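Keep the model open as you read.

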Amino acid sequence: MERETQFIGQSAAFQDAVDRASQAAALDRPVLVIGERGTGKELIAERLHRLSARWDKPYVIMNCAAMPETLIEAELFGHEAGAFTGATRSRAGRFEEADGGTLFLDELATMSMAAQERLLRAVEYGEVTRVGASRPIRVDVRIVAATNEHLPALVEANSFRADLLDRLSFEVITLPPLRAREGDIEVLATYFGQRMAAVLGWEEWPGFGPRALAAMEGHDWPGNVRELRNVIERAIYRWADPEKPVDALTFDPFASPWQPVASKAAAKAEAPAQPGDSASAATPPAGTVNDLRAAVDGYERQILADTMARCRYNQKVAAEALGLSYDQIRHALKKHGLN
């Protein structure tokens with residue numbers, strides 16, 4: 001694999017997912033790749049293709065979320081001239097482009113039910129019919145699909161076809177989030193840091209200071225590896241002394257005392273909760289408390305939110321400020337939805 005698509009990590013959870021992908025690659029069967037944003041679903045999909053017998057055939061990528069519902073079928077299956085307004089000439093779809101190779105469908109869960117039905121036929125019978133055509137075309141395509149949704153729950157909600165899920169789930173590879181990859185945060189941070197230092201022309205890599213390492217381990221990384229890379233590269237770029245260990249991280253690049261005032265829509269969404277909500281019960285006027293548990297919960301939530309903001313959202317620092325253990329503050333943040 002090229003340098004940009006290397007797999008970096010030593011945790012058992014991550015290695016298990018990579019090993020499962022390597023094992024599934026040799027079989028000419030559909031594979032689902034599940035994971036949060038930034039966990040590397042695209043890399044696993046490419047690995048499935050490169051290690052398969054189709055490695056020298058086309059590898060076609062389609063982001064289903066980027067396609068309007070009215071065009072997704074034409075993109076997937078192609079169209080004939082005059083099939084719809086603007087279709088001035090015939091065009092092959094992604095299935096025909098990937099014939100003999102692999103078709104990677106990213107953000108699969110966003111696909112409409114109509115497109116799912118046609119996709120099912122293509123997977124089941126190896127045939128696609130261009131929009132506006134009457135004759136099917138035979139194709140030989142391996143499907144790899146990715147999503148950050150729990151597809152069985154979407155089936156229960158009647159927003160994803162159960163028969164399509166059955167066809168695509170020969171193997172399901174679920175990628176662990178970065179917070180569950182024990183020991184990998186520092187490994188990845190060092191890898192991204194060394195690369196960025198080389199880009200900037202630093203003579204040596206000074207490593208990270210204790211404050212930066214503690215901040216990394218204390219962060220939840222909702223954006224996973226993609227977020228980590230941005231944070232580390234930003235830190236290297238802003239660090240003034242290449243001879244000293246990098247010891248300052250900025251998790252939120254938008255944080256600024258001069259940031260624009262929120263729009264009316266955003267302000268409305270972030271408006272204080274209505275009376276009776278636990279958040280609004282944080283500091284009730286004397287004599288108005290009629291739900292002690294809600295008042296205590298609201299006050300606890302407000303203290304947590306204020307302390308996290310004051311500590312720049314570093315969970316370990318906030319835990320020390322409140323006299324809590326790291327596990328206790330993580331539990332409290334999860335309880336109040338502040339992660």
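The chain exposes about 19,300 Å², and carbon and sulfur atoms supply 50% of that area. Accessible areas come from the Shrake-Rupley method with a 1.4 Å probe, and for residues only the protein chains shown count as cover. This is a predicted model: local features need pLDDT of at least 70, side-chain atom pairs count only at pLDDT 80 or more, and totals for chains, interfaces and linings use all residues. Residues are numbered from 1 along each chain as its sequence is written, and side-chain values use heavy atoms, with hydrogens and water left out.

Of the 339 residues of the chain, 41% count as buried. Buried means under 20% relative accessible area, exposed means over 50%, and partly exposed lies in between (1.4 Å probe, protein chains only). The secondary structure comes to 14 helices and 7 strands. These are DSSP runs numbered from the N terminus: helices are H or I with at least four residues, strands are E with at least two. Contact means heavy atoms within 4.5 Å. Among contacts with a separation of 6 or more, 69% are between residues 24 or more positions apart.

Now go inside. A nonpolar core is a set of buried Ala, Val, Leu, Ile, Met, Phe, Trp, Tyr and Cys residues joined through side-chain atoms within 4.5 Å. The largest one has 32 residues. Phe95, Leu103, Leu105, Leu108 and Met111 touch the most other members. Elements that each supply at least two residues of this core include strand 1 (31-34), strand 2 (59-63), helix 3 (69-77), strand 3 (102-106) and strand 6 (142-147). Helix 5 (113-125) is on that list too. Helix 5 gives the most to this core, with 5 residues. Look at leucine 103. Leaving aside its neighbours within four places in sequence, leucine 103 is in contact with Val60, Leu76, Arg94, Phe95, Ala98, Val141, Arg142, Ile143 and Val144. Another core, of 24 residues, lies apart from the largest one. Its members include Ile8, Leu178, Ala212 and Ala215.

Two long-range pairings deserve a look. Proline 58 lies in the loop between helix 2 (41-50) and strand 2. Proline 58 counts as partly exposed because its relative accessibility is 33%. Its C-alpha atom is separated by 4.8 Å from that of glycine 101, 43 residues apart along the chain. Not counting residues up to four places away in sequence, proline 58 touches His49, Glu97, Ala98, Asp99, Gly101 and Thr102. Glutamate 69 and methionine 113 are 44 residues apart in sequence and 9.8 Å apart in space, C-alpha to C-alpha.

Next come the charges. The structure holds 18 salt bridges. A salt bridge is a side-chain nitrogen of Lys or Arg within 4 Å of a carboxyl oxygen of Asp or Glu. Arginine 130 forms one with glutamate 80, with the closest N and O atoms 3.7 Å apart. This pair links distant parts of the chain, 50 residues apart. Arginine 130 sits in the loop between strand 4 (127-128) and strand 5 (137-138), and glutamate 80 in the loop between helix 3 and helix 4 (94-97). Arginine 130 is buried, at 16% relative accessibility, whereas glutamate 80 is partly exposed, at 24%.

Glutamate 127 and arginine 121 also meet in a salt bridge, at 3.7 Å from N to O. Glutamate 127 is buried, with a relative accessible area of 19%. Arginine 121 is partly exposed, at 45%. For arginine 181 and aspartate 184, the N to O value is 2.9 Å. Arginine 181 is buried at 4%, and aspartate 184 is buried at 0%.

Finish at helix 10 (residues 224-238). Helix 10 has 15 residues and reaches 21 Å from its first C-alpha to its last. That is close to the 21 Å expected at 1.5 Å a residue, where the expected span is 1.5 Å times one less than the number of residues. Its buried residues include Val225, Leu228, Val231 and Ile232. Helix 8 and helix 9 are among what covers them.
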